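The sequence and structure come first, and the analysis follows.

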Amino acid sequence: MTSFLDPFIAFVSAHAWLAYLTLFLAALLEAVPVVGSVVPGSTIILALSALIPGGELKLGWVLLAAATGAVLGDGSAYWIGHRQQREILNTWPLTNYPRVVEESESFFHRFGTWAVFFARFVPPIRAFVPVTAGALGMPPARFYAINIPAILVWAPAHVLPGVLAVSALHEYAGLPHHAHVGKHIWILAVTGGAIILALAIWIIRRRQGSGVAAAKPRP
């Protein structure tokens with residue numbers, strides 16, 4: 001893996017604008033219904049944050065790219081729902097994900113306005129709550145009053161852990177900066193953790209689906 005990561009780090013260092021664009025698109029697409037369920041936006045942001053302590057990327061630009069992408073993604077989903085109302089929840093491709101749509105509606109009804117804030121930190125509902133908020137008639141001013149502060153908390157919460165972890169590995173564990181060891185450890189840990197989490201969610205949902213199917217009475 002280090003033979004792959006070293007050229008990757010060197011490439012990012014030479015083409016930082018591509019990394020910022022990737023961060024922007026990751027945050028944007030993660031907020032799009034259905035697409036956000038498969039795009040590992042949070043994983044990409046967490047992983048690339050490891051390149052900030054060494055100077056390959058700048059903290060301010062990383063935060064700006066992630067926050068701007070999230071605002072545009074959430075806002076686009078909200079306005080689609082706001083314009084089409086509940087009809088959007090019963091059209092393709094949302095009809096292929098009835099369970100997640102139902103969960104997002106229940107989440108919204110349970111927490112009300114604050115669902116927009118909390119959903120920012122709960123995948124995969126995060127990709128469905130903005131469009132649901134629009135479809136259920138949440139006023140634009142109220143949506144943005146909650147959504148923008150949520151994103152301003154969400155972006156640092158995804159960027160700063162990598163910065164602090166890599167800095168701590170170099171500062172307190174004595175790992176050399178020039179060898180990129182701390183960056184390797186963080187990127188591999190984030191990637192491995194994301195894979196394990198995705199598998200765990202998939203297994204749980206499969207078991208829940210099997211349980212529901214078994215509970216249905218036979219005709």
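The model is predicted.

## Helix packing

Start with the geometry of the pairs.

| Helix pair | Axis angle | Axis separation |
|---|---|---|
| Helix 2 (residues 16-30) and helix 4 (residues 41-48) | roughly 150° | within 8 Å |
| Helix 4 and helix 9 (residues 140-171) | about 55° | 7 Å |
| Helix 5 (residues 59-84) and helix 9 | about 145° | 9 Å |

Take helix 2 and helix 4. Their axes cross at roughly 150°. Angles over 145 degrees count as roughly antiparallel, so helix 2 is roughly antiparallel to helix 4. The crossing of helix 2 past helix 4 is left-handed. On the helix 2 side, the contact uses A19, T22, L23, A26, A27 and E30. Helix 4 answers with G41, S42, I44, I45 and L48. By class, this contact holds seven nonpolar, three polar and one charged residues.

Helix 4 also packs against helix 9, at an angle of about 55°. The two are therefore oblique to each other. S42, I45 and L46 of helix 4 meet W154, H158 and V159 of helix 9. Four of these residues are nonpolar and two are polar, with no charged residues.

Helix 9 has another partner, helix 5. Their axes lie 9 Å apart. Helix 5 passes helix 9 in a right-handed crossing. Helix 5 contributes L59, V62, L63, A66, A67, A70, V71, D74, G75, Y78, W79 and H82. Helix 9 contributes P140, F143, Y144, N147, I151, W154, A155, P156, V159 and L160. This contact counts 18 nonpolar, three polar and one charged residues.

## The largest pocket

How much space lies in the largest pocket? About 890 Å³. The lining has 29 residues, and those closest to the pocket centre are S37, P123, P124, A198 and I201. By class, the lining divides into 16 nonpolar, seven polar and six charged residues.

Which element gives the largest share of that lining? Helix 10 does, with nine residues. Helix 3 (35-38), helix 4, helix 6 (98-111) and helix 10 (181-215) each supply at least two lining residues.

The largest cavity holds about 40 Å³ of space. D74, V116, A119, R120, R126, V129, P130 and N147 line this cavity. Helix 7 (115-119) and helix 8 (129-135) each give two or more residues to the lining. By class, the lining has four nonpolar, one polar and three charged residues.

Methods. Residues are numbered from 1 along each chain as its sequence is written. This is a predicted model: local features need pLDDT of at least 70, side-chain atom pairs count only at pLDDT 80 or more; totals for chains, interfaces and linings use all residues. Side-chain values use heavy atoms; hydrogens and water are left out. On a 1 Å grid over the protein atoms alone, a cavity is a set of points where a 1.4 Å probe fits but cannot get out, and a pocket is an open set with protein on both sides within 12 Å along at least five of seven lines; lining residues have an atom within 4 Å of a point. Grid points are joined across faces, edges and corners, and a volume is the space filled by probe spheres set on the points. Helices (H or I, at least four residues) and strands (E, at least two) are DSSP runs, numbered from the N terminus. Ala, Val, Leu, Ile, Met, Phe, Trp, Tyr, Cys and Pro count as nonpolar, Asp, Glu, Lys and Arg as charged, and the others, Gly among them, as polar. Axes are lines fitted to C-alpha atoms, for helices over the stretch in contact, and angles run from 0 to 180 degrees between N-to-C directions. Angles under 35 degrees count as roughly parallel, over 145 as roughly antiparallel, 65 to 115 as roughly perpendicular and the rest as oblique. A crossing is left-handed if the near helix is turned anticlockwise from the far one by less than a right angle, and right-handed if clockwise. Contact means heavy atoms within 4.5 Å.
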